Amino acid sequence: MDIGLLGATGPAGMALAARLASVGHDVTVGSRSKYRALEVRDTIAGEWPGRDLSLDSADNLGAAEAELVVIATPWNAATETAHSVRTKLRGKVVICMSNALSKVGREFQPLVPPRGSVSGSVQAELPDSYVAAAFHHVPAKELANLDEPVVSDILICSDHQKATATVSDLVSEIPGMRPLDAGELSNATAIEAFTAVLLQLNVRYKTRVALKLIGIDDADG
Ligand SMILES: NC(=O)c1ccc[n+]([C@@H]2O[C@H](COP(=O)([O-])OP(=O)(O)OC[C@H]3O[C@@H](n4cnc5c(N)ncnc54)[C@H](OP(=O)(O)O)[C@@H]3O)[C@@H](O)[C@H]2O)c1
């Protein structure tokens, strides 16, 4: 599948771009600057010389031409970024992985954006697209290490079954990941806010936690 990532020059988008390319997708690294995108594309390719990664680069408008688009900007840029490419996103599944958080001293605090979540704001901005919230809890460093699986549950929520199904299929392709249907987009409020807890645990225990829920058989998940 052709996948474009907006804001893929940061750790999260860069890691997801590499990971999605590693499982056979044609991935475009997007940025506000096509030069920055090219630099990051070349950095990823240079890190994995032995792998045949299908990676391209473009400005965000070019990356939004893809069949499926991921928004990987900071929370306060997600809606504006979605707006800037909205005509390209009509009828498409759009994944939003942004978390609305603020770091105050050593504490991470959840914020509540309009519509309750970043994903909710983006869906309101893109009424003709199928927005899904996903990948909020996966640490970029582990996601970027293509030599290891990413042992993690990925909570997916959306108001569109089509989006949940598409994103679940995508997640299932990544070694170690398990997609979980976490309901409607209103649940993105809790999913995004919970990231503050996980980041706080990372600080407290000097680690990088990942989410793994018990009680759901893999066959059901
Ligand atoms: N880091 C993680 O481990 C992780 C894991 C899961 C989810 N997330 C979420 O993923 C999102 C991205 O995380 P990150 O750490 O990669 O963020 P980041 O490095 O702060 O930002 C990612 C990219 O967004 C673009 N950007 C920044 N400000 C912008 C603006 N005002 N308008 C448009 N684009 C802007 C920049 O790309 P250009 O300047 O090249 O356009 C930047 O490189 C966050 O919301 C985070 O909560 C992060």
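Strands E6 (residues 101–104) and E7 (residues 107–110) run antiparallel and are joined by 4 bridges. Strands here are DSSP E runs of at least two residues, helices are H or I runs of at least four, and both are numbered from the N terminus. Two strands count as paired if DSSP finds at least two bridges between them.

Lys103 has Phe108 of E7 as its bridge partner. The hairpin has 2 residues between its strands, and Gly105 takes a positive phi near 65 degrees.

This is a predicted model: local features need pLDDT of at least 70, side-chain atom pairs count only at pLDDT 80 or more, and totals for chains, interfaces and linings use all residues. Residues are numbered from 1 along each chain as its sequence is written.

## The main sheet

An open sheet is built from 8 strands, in the order E3-E2-E1-E4-E5-E8-E9-E10, with mixed pairing. Strands E3 (55–59) and E10 (177–181) stand at the edges; each has a single partner strand, so one side of each lacks a neighbour in the sheet. On average, neighbouring strands of this sheet are turned by 25 degrees against each other, direction ignored.

Within the sheet, E5 (residues 93–96) pairs with E8 (residues 130–133) in the parallel sense, over 4 bridges. Cys96 has Ala133 of E8 as its bridge partner.

## Helices on the sheet

Helix H8 (residues 161–172) packs on the sheet. H8 touches E4 (68–71), E5, E8, E9 (152–158) and E10, and its direction makes about 165 degrees with that of E10. Contact means that C-beta atoms, placed from the backbone, lie within 7 Å. Angles run from 0 to 180 degrees between N-to-C directions; axes are lines fitted to C-alpha atoms, for helices over the stretch in contact.

Helix H2 (residues 34–47) lies across E2 (26–31) and E3, running at about 165 degrees to E3.

## H4 against H6

The axes of H4 and H6 (residues 118–125) come within 9 Å and cross at roughly 15 degrees. The two helices, H4 and H6, are therefore roughly parallel to each other, a term for angles under 35 degrees. From H4, the contact takes Trp75, Ala78, Thr79, Ala82 and His83; from H6, Val118, Ser121, Val122 and Glu125. By class, this contact of H4 with H6 has 5 nonpolar, 3 polar and 1 charged residues. Ala, Val, Leu, Ile, Met, Phe, Trp, Tyr, Cys and Pro count as nonpolar, Asp, Glu, Lys and Arg as charged, and the others, Gly among them, as polar.

## Around the ligand

There are 25 residues around the ligand, and Gly7, Gly10, Ser31, Ala77 and Ser98 come nearest. A residue belongs here if its C-beta atom, placed from the backbone, lies within 6 Å of the molecule. By class, the shell has 11 nonpolar, 11 polar and 3 charged residues.

Helices H1 (11–22) and H4 (75–84) each supply at least two residues of this shell. H4 gives the largest share, 4 residues.

Technical notes: Parallel < 35°, antiparallel > 145°, perpendicular 65-115°, else oblique. Contact = placed C-beta atoms within 7 Å.
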